[in-house]
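Please consult the sequence and the structure shown here while reading.

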Amino acid sequence: MLIRRVDITTTDNPYDPIDDFSNWYMFDIEHGYYTSAYLARLSKTSEDLTDEENTIEIEKAIDTIIENDFSNLYKNIERMVEVEEES
């Protein structure tokens with residue numbers, strides 16, 4: 001099944017957070033960006049929300065980061081990815 005996936009990265013990070021999160025994360029931390037923590041602080045996610053609702057909240061937080069990024073450091077990545085269907 002194909003699903004739409006949206007994520008955030010920095011313009012200088014050569015790794016893809018969707019396909020190669022470990023290397024992407026190490027680069028991000030080594031450069032002092034802490035993008036995952038920044039995104040977590042702005043995301044209004046909750047265990048009380050559905051997966052779809054949490055995804056929407058994360059996308060809103062990504063949009064907020066990019067809208068307020070006057071140094072043009074951040075960009076979003078959006079594409080369709082294949083996931084296994086749950087039984």
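How many salt bridges does the structure hold? The structure holds 6 salt bridges, a salt bridge being a side-chain nitrogen of Lys or Arg within 4 Å of a carboxyl oxygen of Asp or Glu. The model is predicted, so local features need pLDDT of at least 70 and side-chain atom pairs count only at pLDDT 80 or more, while totals for chains, interfaces and linings use all residues. Residues are numbered from 1 along each chain as its sequence is written, and side-chain values use heavy atoms, with hydrogens and water left out.

**Salt bridges around R4**

- R4 and E59 form a salt bridge with an N to O distance of 3.0 Å. Because R4 lies in strand β1 and E59 in helix α3, this pair ties together parts 55 residues apart in sequence; helices (H or I, at least four residues) and strands (E, at least two) are DSSP runs, numbered from the N terminus.
- R4 also forms a salt bridge with E78, the closest N and O atoms being 2.9 Å apart. E78 is in strand β2 and R4 in strand β1, 74 residues apart, and the pair links distant parts of the chain.
- Relative accessibility is 41% for R4, which counts as partly exposed, and 15% for E59, which counts as buried. E78, at 49%, counts as partly exposed. Buried means under 20% relative accessible area, exposed over 50%, and partly exposed in between (1.4 Å probe, protein chains only).

- The side chains of K60 and E57 meet in a salt bridge at 3.5 Å, N to O. The two residues are 3 apart in helix α3, and so are separated by about one helical turn.
- K60 is partly exposed at 47% relative accessible area, whereas E57 is buried at 18%.

**A buried charge without a partner**

- D69 is found in the loop between α3 and β2 (74–82).
- D69 is buried yet has no salt bridge, and the nearest side chain of opposite charge, K75, is 11 Å away; Lys and Arg count as positive and Asp and Glu as negative, with His and the chain ends not counted.
- The D69 side chain reaches the backbone nitrogen of L73 at 2.6 Å.

**Lining of the largest pocket**

- α3 supplies the largest share of the lining, 7 residues. Both β1 (2–10) and α3 (51–67) supply at least two residues.

Technical notes:
Polar contact = N/O pair within 3.5 Å; in protein donor to acceptor, adjacent residues only side chain to side chain.
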